[in-house]
Every structure is written in structure tokens, then in C-alpha cells.
Amino acid sequence: MTHIGEARWQQYVLDECEAETVLQIEAHLSGCALCRQRLAEERRLDEWLLETIPAAGAGSAERSLERLWAAVDAREQLASERAPWPRRAALWWPAAAAACALVLVWSLRDSFTAAPDISQSETTAATPAHDQVPVPLGVNAYELSGGSGGGGRRIEPEQVSAEVVDAARLRTAQQRTATVLLDGHKRFPDHDGDFGRACAAGLAALRAEGWPVGSLVRSWALGDDVVVAAVAVRYAACEPSTFNVLAAALARDGRLAEAALAQLERDVTPVEASLPLVRALERRAARADDPLRCATLLARSQGPRSGAALSRLLDDRVDQTLASPASAQAREALLNLATLVPVDEALDALLTVSDEPALEPVMRGAFQARLAVAEEAGVAALRQAFAQRNPPSVLLDWIVASECVDLVPTLLIQLEEDPGDQGLLAAVVTLGGEPAASGLIDLWAAESGSRRERLASGLSDVLRREPLTLERVGSALAARGSDEARELSQALPSELAAPLLLACLVAQENPVDDGGHQAALLMALARTGPSGHVAQLLEWIGARPADDELSPLAWAVASQLDGVAAGAAWAALGHDPSSLSQVADSSARRFAAASLPSQRLLNPLRRALSAHAR
Amino acid sequence: MQNRLPMGMTTIAIETSDLLELCRRGDRVAFGQLIGAHHAAALALAQRLLGNHDDAEDALQDALLKTHNNLASLRHVAGFRSWFLRIVYHQCLDARRRRQTRQGYERAVPPQPLQQPSERASVAETLARVRAVLEELPAKQRAALHLRVFEHMAYDEVAAVLGLTSRSARVYVVKARRHLRQRMGPDLEASP
């Protein structure tokens, strides 16, 4: 029975079908318990969803509006209490001027403040004076010598007095020049005083190596100094607080982000360990300018955070691609991303876009690219996915090449929905096996005209390639009755029809059968003409009682198929040659009724017996 | 489109455009009438997105204030519902973001397999499972599913609320349903 396709099913469940389609589906539902159960489950799901939202209490809207008007009134009252604009402006200008003057004074004071001398260790003595020679931000200039973020080379910054530290901390807090400072300060309290020391040391000293990374993170806000920032990036290894440095760097453009990316690509930093870092990479990957690099980093860092980020990115890409299927950039982005996500997610996304004709090549390319990376997982994902829904036609080639024989039932269901699909039929035929043959017989019985011929031709191909399936297929055919077996045998070439009918005949050992079906099968067998499949028939005759009423007909048919072999068997069983005339008489009527030539019905058998007697 | 304004024992019909004009002039009764028609839908959407009634009411309150302040910017009267729900949707997203910040970094853990229904789970347990599965859905999918299935909105309108294309809105709804079915499958089969 043809079940409802997934797309139509979803439309029906969401009340989107046209009236005609609704009638068709409801007609199907009335006869299909499985689909009725599925529909009941869908409705039950809707009920549950509805019950998860408690109904708004009575007067809820009124309460909301009361609160709204209270807020509006308060705001209006506040506005009315404020001085009118000209008066306020008159106060603002002096205040703004004073603020500017203060900022100017602080800036100038920075220039004149001497940084405390940082004691230089042996290692840092070799470091160029960063406060005098600007250090370029290129990756090579900041290559890690030890690969461990400077471990073992750390210098202890000079201890400064509490007054200096407090003053510097206060000054920096008042400046509030960057959000990094505020965020960093909230998240990482300055218990060890490093931040205060860093502030007291000033920018120039911070350019030296050896400062704790947490201090650099916070001190970065001192003026967004690129050199300090680069040092911070360089030292951002695996310390939790330093992930924020990389995340903040990724949020910026240009060389700083490049340095952070290069740092991450060195495979030092476990991205998965930091949600801010994952988020920063995700945000950057979502942009159009450099999506692949960040997505690759996320894919390399295997874990739930990165996986979820990639999943969200993929959803967005699918969305964008569906919104503008003609955009080459969108297609390419989807293609790239689909090669990075787990193969089951790629498959899910690609199936989502498969309804869009313009995306078909993208889908094929992306999926093939993903399979090239993870073929085994891809096969498993495909099998799991397609066991529940129909595979799109573009993946048929792959299914056939991967010999996914267990997908044959799914393909047959799809073929049932669209019997004219040559690609599907070819896939079923190529995959072959008993399920394919039995399914094709079912489809053949339900079709007519040229489609029926094509199905018979496909079935011939399957049976010819896999003769061992004939017996099992014959058994299945026996269950359908002799009429269909006879019709099918006429549509198949004789070398296939005869063994199929024989298999069917052998399987027709039904105690309630009155012999009518077997007789019909024997007649159909007689129509196939001489063939080399008489041995099985003779064996069948030999296994039956001597007085079986079908025996004369069976001997006659055996004679038609292969007179020599039948004659030898007749003689071997000790039958009297004179009784051949009785056999001929009883069979002739049936042959005549079936418009088969009966005049020389047993001649081959007679000749064989004569030869045997001689 | 007409709204019914109760007035004593009678009701009078006021065109939405007139109602809107009255609102812009500061008529609070008219604003109450305009909001009253969509309040339940907005609250349900907020609850769906935020998961609890208190947060939903707070978000809706903020959305109402924004709606009131920006009423003058609404050009197309016919699109009031979409416009209002879009404000609610974005307000809920902001609220979620604030909540996540408040609670520290979100723990991104893979969805845990739901426990199999022992024999027959109680209704409350089943609803708790449904809520848990809904929480797994991205906000956009959850909102799309809600607007389509419970508010019976056309995909165009769902798309207008969520800032999507119509086709994308449909994809979101189908994906959400598929996910729910997949995750709730054992419960569905176990139910009578």
C-alpha cells in the first residue's frame, strides 16, 4: 500500500493541503491503520504542546495595561520635572567642557608618567625594547618559541606600593575607555593585585614579556594598545581567562583577528574549553568575509559547544541559501559548511534544501564532499534517514554505488508513489535481491500499460542476474494466485518464466487448494515452450501420489518441455506405455480449452519412450 | 478587520485604522482595545520562548512599552499584529540573552536522551518531557512552530514576525515538528 509522502503528510498535518488532496489523504487514512495511528500521534503531540502553555488568566491584559500606564505616567512625570531644553543645554556645555579638560589632563599625564622599572631576566634581556620599537603584528614576529604560551619564561613584575596600585586602579576604572576592561574586571576580580601592578606599570612596561595573562587582558583596556594586545594574544594558551583575549581579538577586524586565528590554528588552544571563544568563532564564521576558516576551527575542536555552534551556523546557511538560491556565494558557503559538520547533520540540511531545484547541484556536491571525508558514517546516516523517508533522486547514484540493499523497501515505496521514475526503477533493479523482485512483482500487479512492461523488464533483469532468487520469488508469487503468475509468465522471457512458474507450482502445496491453481500453473508452464527446466517438474510429479488427478496433465506438460527427459522418467517409474493414451485424452481437453495445440500432445513423450525401449 | 469595543450594553465596531489613529492621539482605551485583541497571543509566544510565566509577563511589559512608544512609526495598519508580535519576539530574545548572562555562561551540553516511559507516564510527566524537548529547539524554530500551529498564522505572517522568508518559515516549522516527533516518539507510541 502506498503511504503518504513526507512532504504531503506535513502539509496535511499543518492543514495546508488543497481540498482535493485532503480527500485523497483521508481516503487513504480510512484504509490504512498505520497512517491513522501516525495521525493520532501528530494530533496528540499538538495537544501536548497546547497544554504546555497555561491559558492567560482573566484580567491578564488589564493588569499588563495597568503596569504600562503606570510606567508611562512615571516617565511623563519625570519628563515634566526636568528642566526645559535651553536651561539644560546651558548646564551641559560647561559640564562637557570640564570633562574634556579632565580627559586631556589624564592623557598628558600618561605621557609624562615614568613606568616602574621591570626587572629584566636573562630571557627578556634578548627581547627588543618594545616600548621604543613598535613590534609588527605579523604572525612570525610572535611565534611562540616554546609552544607553551611562554611557560617558564615568566618574569615577576616589580612589587609596587599599595598606594600606587590603588591610585592606578582607580584611575583606570574612572577612565572606562574600553568594554574589555569592564567585562574583564567583573569576571576576574583582581585578587592577586596583578591588574593593579599592570596599571601602575603603564603601557610601555606591559609591552615586555612575562606579565600574567589575566593582567594583560584587563590592561588591554588601557588604550587598546596593539602591541599589548598582541602580547596578550601570544600568551593566550590554555588558561581560562586568556580565552577572552582570543575571543576579543576575533571580535575585531584586521591583523589582530588574524593573529588570534593563527594562534588557534597552531593547535595549541582547545577551543571547546571556552564558550566565549566558541561564540566568537561562530560570530565570525557567520559573516560572509571569512566563514570557512573559523568554521574549520570549530569543526576541528570536537565537542558539544563547537558542534552546537556549527549546527546553528548550518541552519543559518540553509536559511540564507533558501532565501537566495541563485546566489553563488550562498551556495558556496553552504557547500563549504556542509563538508565540516557531522555527516548526519549535513544530510539533514541537504535534504531540507533538496526541494529547491536550483540547489540540487550544490546538494549533490556538498554531500559527496562530506562522504569523501566520512564514508562509513555517511552510509549509516543515510540508511537511518532513508529508512524513515524517501531519498531524493539525486542521491540514487550514490545509494546504488554503495550497494545499500536495505534501502530497497524505501525505494520501492517511492517508486510506488511515482511509478514512472526511470531512475528509481533502475536503482531498484541494480540493487536487486529478493525484496526488489518481490516488490517489483507487487508494483507490476498494480500497474498497467507501458509502465507494467517496464516493470516486467526490470524484474527480468533482476531475475536474470540473480537466478538464485527465483525460488523465493516464486514462493511469493504463489501467494498472489495463479492468474497473476500466468500473466507475469507471459510478460517474462521463457527462460525465466518456466523456472518461476515451477517455483510457484512447488510452493502451491496448499492443502485447501483444490488443484485448480496448480492446473493453471501447469498450463502456463506448457505455454512457455521447450526448456531445460523439466527436472524440477518431474521431481514434483514423482513426489505426488500415482493416482493424483493432476498427474496426466503434469506428464503432458513435461512432455512439452522436454520429451526425452520425460520419456526416460516415465519408463523409470515403470508406467505402461499404453496408458499414454489415457494421459493424452485427459490432458487434451485442458489444452484445447487453453487454446494450446493438443494434437501432438504426447508425441515427444512417445518418441522418447520408443527410443528408450529400443 | 474590525475590533469590538464594549460600551455598556452595546458594542460598536471601530476600524483598526481608526483605532490606531486614536492610539496615536493618546487614547488609552483605544490602545487597550488594540492590544487586548493580541495580548493572549503575545503572552503565549513569550511563554513559549521564555518557558515561564513571570519572565513572559516582564518581557511582554517591555514590549508593550516599546509598542506604545513606537506606534507612530507603524506605517501599514494591516500589519499591526505581525509588528506587535515581532516586538514581543525580539524582546523575548533579549530577555533570554540577559538571563543567560545573569546565569553565567550557558552550558552547551548535548541533549540528553529522554527517559523511556516506564509504563504509562502521568500527564504532568509527559508535559514536562514536552517542555524539555521544546527547550532544545532554537528560539526561531520554537517561535515558528508556535505561531503556525497555535496562532494559525500563514507562513507569510510567521515570516514577517521572525524576519524570515516564507519558505524558511515553513522549513523551520517542519524541522521543529520533526524534532519533536523524533524526541517524543516513545511517549507518543506509549500513549493510548
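Which residues in H3(A) meet which residues in H6(B)? In this predicted model, A:Trp48, A:Leu49 and A:Glu51 of H3(A) meet B:Thr126, B:Leu127 and B:Val130 of H6(B).

**The H3(A)–H6(B) contact**

Two packed helices are described by the angle between their axes and the distance between the axes. For helix H3 of chain A, residues 33–51, and H6(B), the angle is about 85° and the axes lie 9 Å apart. Angles of 65 to 115 degrees count as roughly perpendicular, and H3(A) and H6(B) are therefore roughly perpendicular to each other. By class, their contact comprises four nonpolar residues, one polar residue and one charged residue.

**The side of chain B that touches chain A**

Across the two chains, 43 residues of chain B are in contact with 33 residues of chain A.

The side of chain B that touches chain A has 24 nonpolar, eleven polar and eight charged residues.

**Confidence**

The model scores ipTM 0.75 and pTM 0.38. Chain B has a mean pLDDT of 75, and 76% of its residues reach 70 or more. Residues 1–14 of chain B stay under 50 in pLDDT, and the model has 17 contacts for them beyond four places in sequence. Residues 104–120 of chain B also have pLDDT below 50, with 17 contacts in the model beyond near neighbours in sequence.

**Two sites within chain A**

Helix H23 of chain A spans residues 422–431, and its buried residues are A:Leu424, A:Leu425, A:Ala427, A:Val428, A:Val429 and A:Leu431. The elements that cover these buried residues include helices H21 (396–401), H22 (408–417), H24 (433–446) and H25 (449–465) of chain A. After H23(A) comes A:Gly432, which has a positive phi, near 65°.

Is A:Gln582 of chain A buried or exposed? A:Gln582 counts as exposed because it has 11 C-beta neighbours inside 10 Å, and the cut-off for exposed is 12 or fewer. A:Gln582 is part of helix H33 of chain A, residues 580–593. Its C-alpha atom is separated by 7.9 Å from that of A:Pro552, a residue 30 residues apart from A:Gln582 along the chain.

How values were computed. Residues numbered from 1 in each chain as written. Chains lettered and ligands numbered in written order. Predicted model: local features only at pLDDT ≥ 70, side-chain atom pairs only at ≥ 80, totals over all residues. pLDDT = per-residue confidence, 0-100. Contact = placed C-beta atoms within 7 Å. Nonpolar A, V, L, I, M, F, W, Y, C, P; charged D, E, K, R; others polar. Helix = DSSP H or I, 4+ residues; strand = E, 2+ residues; numbered from the N terminus. Buried ≥ 20, exposed ≤ 12 C-beta atoms within 10 Å, placed from the backbone. Axes fitted to C-alpha atoms, helices over the stretch in contact; angles between N-to-C directions. Parallel < 35°, antiparallel > 145°, perpendicular 65-115°, else oblique.
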